[in-house]
Protein chains: 2
Amino acid sequence: MSGWLAVAGLGPGAQALITPEVTAALDEATDIIGYAPYVARVADRPGLTRHPSDNRVELDRAAHALTLASQGHRVVVASSGDPGVFAMASALFEALESGPDHWRAVDIRILPGITAMLAAAARAGAPLGHDFCAINLSDNLKPWPLIERRLRLAVQADFAMAFYNPRSLSRPEGFARTLGILRETCEAGRLILFARAVSTPQEELHITTLDRATPEMADMRTMVIVGSSRTRMINRPSGPILYTPRWAE
Amino acid sequence: MSGWLAVAGLGPGAQALITPEVTAALDEATDIIGYAPYVARVADRPGLTRHPSDNRVELDRAAHALTLASQGHRVVVASSGDPGVFAMASALFEALESGPDHWRAVDIRILPGITAMLAAAARAGAPLGHDFCAINLSDNLKPWPLIERRLRLAVQADFAMAFYNPRSLSRPEGFARTLGILRETCEAGRLILFARAVSTPQEELHITTLDRATPEMADMRTMVIVGSSRTRMINRPSGPILYTPRWAE
């Protein structure tokens with residue numbers, strides 16, 4: 001059996017942020033599987049079969065990939081950002097664990113990519129330069145009280161906080177609740193970065209403070225980074241820099 | 001003035017994990033500055049001046065880079081992993097904030113890279129596939145009681161935890177204390193990954209449980225990832241997979 005399965009991180013959007021390892025896997029693949037907008041980011045070529053799918057069918061997609069690879073195909077599952085951060089890698093292993101035994105013989109590799117929080121942080125400066133946490137604000141797969149508990153503990157720990165999936169059309173209220181919890185627990189001047197569609201032509205960066213932040217500043221394509229109590233802003237003629245010093249007291 | 005300064009993430013070690021954006025910056029640079037082992041990872045060529053320096057001189061290195069760039073040089077500060085995660089980006093902005101005003105006119109870019117925790121996670125499976133935190137265990141720049149407080153809160157939040165700089169020759173006791181706190185607060189079977197020199201010829205991966213973990217399993221080149229209470233292991237003929245499911249209760 002010469003098949004394999006690579007779950008590949010395409011990064012936040014720009015071609016220049018895709019690793020050579022991922023490019024090589026895409027060049028060798030017979031099949032590419034993924035959420036349609038991610039599959040669309042990969043150029044078509046003879047010998048490559050494209051399997052775009054809808055959002056929220058991660059387990060079906062994983063089963064499809066494992067089935068094809070176990071039949072000898074060379075399969076890339078395309079993931080945005082890094083596949084291991086709120087993306088396809090965990091879904092693949094959920095499918096593997098509950099699937100047929102012969103799937104465990106499949107050659108599986110996870111190919112890391114530039115995840116959204118690190119791309120956004122780099123554009124703004126270095127807000128994640130000290131201890132930090134990453135929280136998926138979607139309550140599709142976990143209950144809201146658990147998210148709230150984590151937020152409160154993260155503030156107590158004085159982590160900088162990177163929020164994935166802050167807001168969607170189907171769940172507009174979660175991010176408003178998040179801002180409410182932060183207003184209860186952090187100072188009004190706490191710095192917040194809203195980074196939309198980083199590294200694409202639609203990129204927009206907005207740095208503000210907690211008292212001025214509104215739920216509408218985030219959408220599905222926005223990464224939100226809330227600084228720790230020590231995060232600072234440097235003003236420059238060409239625009240501000242947001243960063244967290246390395247040291248703390 | 002045509003100078004610029006790019007703080008570039010060289011990733012964990014393998015050439016195939018360096019983004020094309022970073023490669024392009026290295027190709028255009030007149031000067032490369034950084035900790036000697038990172039500068040050594042960049043091929044020499046005519047027109048490139050190399051400025052290797054010792055560890056723990058981050059602010060001097062940053063000032064040197066800002067001075068050269070403000071004089072018109074095209075400067076790359078080489079960082080391992082991602083420059084924004086426990087690396088050179090924050091040090092650069094500390095120097096910028098306290099330095100002469102004309103430094104604020106320098107064209108500065110942070111070029112993201114594959115940070116150690118994501119490279120290690122990808123090799124082992126997907127242990128960071130749910131909410132997680134990243135903590136620098138070095139107490140060079142923050143007091144141990146703050147690290148301890150963060151560890152206890154991170155366990156309460158049930159984050160998976162990625163530990164950078166777990167252990168050095170000059171501070172051998174910090175990681176032993178960390179394991180002690182985890183033993184007080186987590187179940188004995190909590191899964192832990194020790195990932196050493198990921199993506200290099202010296203790469204070693206070791207998955208164990210908290211009751212079997214010892215301080216000697218980590219050194220300066222080791223990334224430690226402690227799973228959340230939900231992190232699981234899948235056994236396969238070719239080796240185990242460590243992953244955290246996307247969902248929680």
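Begin by selecting A:Asn165, which lies in the loop of chain A between strand S8 (160–164) and H7; helices (H or I, at least four residues) and strands (E, at least two) are DSSP runs, numbered from the N terminus. Although A:Asn165 is not a glycine, its phi is positive, about 50 degrees. A:Asn165 counts as partly exposed because its relative accessibility is 30%; buried means under 20% relative accessible area, exposed over 50%, and partly exposed in between (1.4 Å probe, protein chains only).

The model is a predicted one, in which local features need pLDDT of at least 70 and side-chain atom pairs count only at pLDDT 80 or more, while totals for chains, interfaces and linings use all residues. Residues are numbered from 1 along each chain as its sequence is written, chains are lettered from A and ligands numbered from 1 in the order in which they are written, and side-chain values use heavy atoms, with hydrogens and water left out.

**A helix pair in chain A**

Next, select helix H6 (residues 144–156) and helix H7 (residues 173–185) of chain A, which pack at an angle of about 30 degrees with their axes 10 Å apart. Axes are lines fitted to C-alpha atoms, for helices over the stretch in contact, and angles run from 0 to 180 degrees between N-to-C directions. On the H6(A) side, the residues in contact are A:Trp144, A:Glu148, A:Leu151, A:Arg152 and A:Val155; those of H7(A) include A:Gly174, A:Arg177, A:Ile181 and A:Leu182. Contact means heavy atoms within 4.5 Å.

**The nonpolar cores**

Now display both chains and select A:Phe159, A:Phe163, A:Leu182, B:Phe159, B:Phe163 and B:Leu182, which touch the most other members of the largest nonpolar core, a set of 50 residues. A nonpolar core is a set of buried Ala, Val, Leu, Ile, Met, Phe, Trp, Tyr and Cys residues joined through side-chain atoms within 4.5 Å. Centre the view on A:Phe159: leaving out residues up to four places away in sequence, its contacts include A:Phe132, A:Cys133 and A:Ala154, as well as B:Ile135, B:Arg150 and B:Phe159. A second, separate core of 47 residues includes A:Ala119, A:Tyr164, A:Ile225 and B:Ala121.

**Stops in chain B**

Select B:Thr115 in the loop between strand S5 (108–111) and helix H5 (116–124) of chain B. B:Thr115 counts as buried because its relative accessibility is 1%. Beyond its neighbours within four places in sequence, B:Thr115 is in contact with A:Leu118, B:Gly81, B:Asp82, B:Val85 and B:Tyr164.

Move to B:Gln156 in helix H6 (residues 144–156) of chain B. Not counting residues up to four places away in sequence, which residues does B:Gln156 touch? They are A:Arg149 and A:Leu153. B:Gln156 is partly exposed, at 42% relative accessibility, and its C-alpha atom is 9.3 Å from that of B:Cys186, 30 residues away in sequence.

Continue to B:Ser199, in the loop between strand S9 (191–196) and strand S10 (204–209) of chain B. B:Ser199 has a positive phi of about 75 degrees although it is not a glycine. Is B:Ser199 buried or exposed? With a relative accessible area of 13%, B:Ser199 is buried.

Finish at B:Glu28 in helix H1 (residues 20–28) of chain B, which is partly exposed at 43% relative accessibility. Apart from neighbours within four places in sequence, B:Glu28 is in contact with B:Trp4, B:Arg45 and B:Arg74.
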